[in-house]
Amino acid sequence: MKSIIFPFVFVALLLCSCHNSKTNQANDPDSQTEMQNSQSANPSEGKITAEMAYEGVNNYCHKEYDWSVAEENPDIMYLTMGEESDSAFQVVFRSYTGAFVHFYVDKTSGTTRMVEKVPSLDVEEDAGTIELFDYLEKKN
């Protein structure tokens with residue numbers, strides 16, 4: 001008889017603990033806010049992919065910088081993916097002048113911070129921010 005009761009008690013405890021976990025999550029204000037934000041988020045402001053980061057920065061760079069000097073020698077001006085962290089993608093633009101612009105694309109919001117670095121002069125400065133979604137082509 002004990003061998004029959006034990007599995008039933010185990011299953012009942014398991015079901016109660018799962019229900020309690022979901023109830024606690026639903027009553028937690030931080031969980032509710034997080035769930036509301038994920039449900040009400042604008043689809044265009046969803047999770048940023050590496051491809052989206054590269055495409056948006058590429059579109060920005062082709063709009064803002066003169067690429068004609070790189071037509072004969074594409075090695076002097078290029079765009080490449082840099083390091084990735086938990087919260088951001090890095091896209092690196094190399095100018096024909098030897099300067100690098102590091103674009104740090106926030107994976108959640110798309111806000112992109114730019115840092116210009118000139119290695120030969122040992123100079124690094126903040127170059128502003130852009131919104132990645134402004135430079136991504138709209139998909140219908």
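Which residues does serine 87 touch, not counting residues up to four places away in sequence? Serine 87 touches Val105, Asp106 and Lys107, where contact means heavy atoms within 4.5 Å. The views below start from the whole chain and return to this residue later.

This is a predicted model, in which local features need pLDDT of at least 70 and side-chain atom pairs count only at pLDDT 80 or more, while totals for chains, interfaces and linings use all residues. Residues are numbered from 1 along each chain as its sequence is written, and side-chain values use heavy atoms, with hydrogens and water left out.

**View 1. The protein as a whole has three helices and five strands.**
Read along the sequence, these elements follow the pattern α-α-α-β-β-β-β-β; helices (H or I, at least four residues) and strands (E, at least two) are DSSP runs, numbered from the N terminus. Of the 140 residues in the protein, 25% are buried, a term that stands for under 20% relative accessible area, with exposed meaning over 50% and partly exposed in between (1.4 Å probe, protein chains only). Among contacts between residues at least 6 apart in sequence, 32% join residues at least 24 apart.

**View 2. Five strands form an open antiparallel sheet in the order S1-S2-S3-S4-S5.**
The edge strands, each pairing on one side only, are S1 (78-84) and S5; two strands are taken to pair if DSSP finds at least two bridges between them. Neighbouring strands of this sheet are turned by 25° against each other on average, direction ignored, where axes are lines fitted to C-alpha atoms (for helices over the stretch in contact) and angles run from 0 to 180 degrees between N-to-C directions. Strand S2 (residues 88-94) is joined to S3 by seven bridges, the two running antiparallel, and arginine 94 stands opposite phenylalanine 100 in S3.

**View 3. Strands S4 (residues 111-118) and S5 (residues 123-131) run antiparallel and are joined by eight bridges.**
Arginine 113 has threonine 129 in S5 as its bridge partner. Four residues lie between the strands of this hairpin, in which aspartate 122 takes a positive phi near 55°.

**View 4. Helix H3 (residues 50-64) lies across S1, S2, S3, S4 and S5.**
The helix runs at about 145° to S1. With 15 residues at 1.5 Å a residue, H3 should span 21 Å, and its end C-alpha atoms are 21 Å apart, which agrees; the expected span is 1.5 Å times one less than the number of residues. The buried residues of H3 are Ala53, Gly56, Val57, Tyr60 and Cys61. They cover an arc of only 130° around the axis, which puts them on the same side of H3, the arc being that of the directions from the helix axis to the C-beta atoms. These buried residues pack against S1, S2, S3, S4 and S5, whereas the face of H3 turned away from its buried side carries the exposed residues Glu51 and Lys63.

**View 5. Valine 101 and histidine 102 both lie in strand S3.**
Valine 101 is buried, because its relative accessible area is 6%, and, leaving aside neighbours within four places in sequence, valine 101 is in contact with Tyr65, Val91, Val92, Phe93, Met114, Val115 and Glu116. From valine 101 to arginine 113 the separation is 12 residues in sequence and 10.0 Å in space, C-alpha to C-alpha. Histidine 102, at a relative accessible area of 13%, is therefore buried too. Not counting residues up to four places away in sequence, histidine 102 touches Gln90, Val91, Val92, Arg113, Met114, Val115 and Lys117. A polar contact of 3.0 Å joins the side chains of histidine 102 and glutamine 90; such a contact is a pair of N or O atoms within 3.5 Å, of which, within protein, one must be able to donate a hydrogen and the other to accept it, and residues adjacent in sequence count only if both atoms are side-chain atoms.

**View 6. Serine 87 is found in the loop between S1 and S2, and serine 95 in the loop between S2 and S3.**
Serine 87 is partly exposed, because its relative accessible area is 45%, whereas serine 95 counts as buried at 12% relative accessibility. Serine 87 and tyrosine 104 are 17 residues apart in sequence and 9.4 Å apart in space, C-alpha to C-alpha. Serine 95 is in contact with Ile76 and Met77, leaving aside its neighbours within four places in sequence.
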